[in-house]
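Work through the exercises below with the structure open. Each task is followed by a stepwise solution.

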Amino acid sequence: MAEITWPQTLPLTLRMEGLSAKRNSAVIRTTMDAGPRKTRRRYTASVKIYTGTMFLDAAGRSELEQFYTTALADGVLRFNFTDPQTLEFAEFRFTENYTENSADGMFKITMSLERLS
């Protein structure tokens with residue numbers, strides 16, 4: 001497990017509404033001169049990427065920004081977070097910067113995370 005844990009004052013997982021998940025392929029396919037392509041595993045474990053949202057007030061948005069920039073070194077480091085589908089505690093990492101949209105005093109935060117364990 002990672003040394004860093006998601007802040008308990010922020011939502012503990014992504015919202016199920018609008019959540020998407022995609023498993024990266026761990027298979028390499030090689031074309032042969034004749035016959036079917038050969039396949040083999042590239043890694044022993046593939047990662048699953050979740051894209052989803054959470055709604056935060058101004059204080060929560062500020063806390064997320066502080067956590068992302070300081071504790072995670074702008075999203076580089078791994079952290080412990082709750083898997084939105086299984087609700088298991090697992091190791092995650094941001095795949096890209098999160099985005100913010102504001103409406104009615106709340107912030108809709110969209111993020112893409114990869115589950116590493």
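A nonpolar core is a set of buried Ala, Val, Leu, Ile, Met, Phe, Trp, Tyr and Cys residues joined through side-chain atoms within 4.5 Å. Buried means under 20% relative accessible area. The model used here is predicted.

**Exercise 1.** Describe the largest nonpolar core and find which elements build it.

Solution. 
- Step 1: Count the members. The largest nonpolar core holds 22 residues.
- Step 2: Pick out the residues with the most contacts inside this core. They are Trp6, Phe79, Phe94 and Met111.
- Step 3: Assign elements. Two or more residues each come from β4 (48-56), α1 (58-71), β5 (79-82), β6 (89-94) and β8 (106-115).
- Step 4: β8 gives the largest, with 4 residues.

**Exercise 2.** List what Phe94 is in contact with, leaving aside neighbours within four places in sequence.

Solution. 
- Step 1: Apply the cut-off. Contact means heavy atoms within 4.5 Å.
- Step 2: Read off the partners. Phe94 touches Trp6, Tyr68, Leu72, Gly75, Phe79, Met111, Ser112 and Leu113.
- Step 3: Cross-check with the core. Trp6, Phe79 and Met111 are, with Phe94, the residues with the most contacts inside it.

**Exercise 3.** Give the order of the elements and judge the overall form: compact globule or more spread out?

Solution. 
- Step 1: Count the elements. There are 1 helix and 8 strands.
- Step 2: Order them from the N terminus: β-β-β-β-α-β-β-β-β.
- Step 3: The C-alpha trace spans about 60 × 30 × 25 Å along its principal axes.
- Step 4: Of the 117 residues, 34% count as buried.

Conventions
Residues numbered from 1 in each chain as written. Predicted model: local features only at pLDDT ≥ 70, side-chain atom pairs only at ≥ 80, totals over all residues. Heavy atoms only, no water. Buried < 20%, exposed > 50% of the residue type's maximum accessible area, 1.4 Å probe, protein only.
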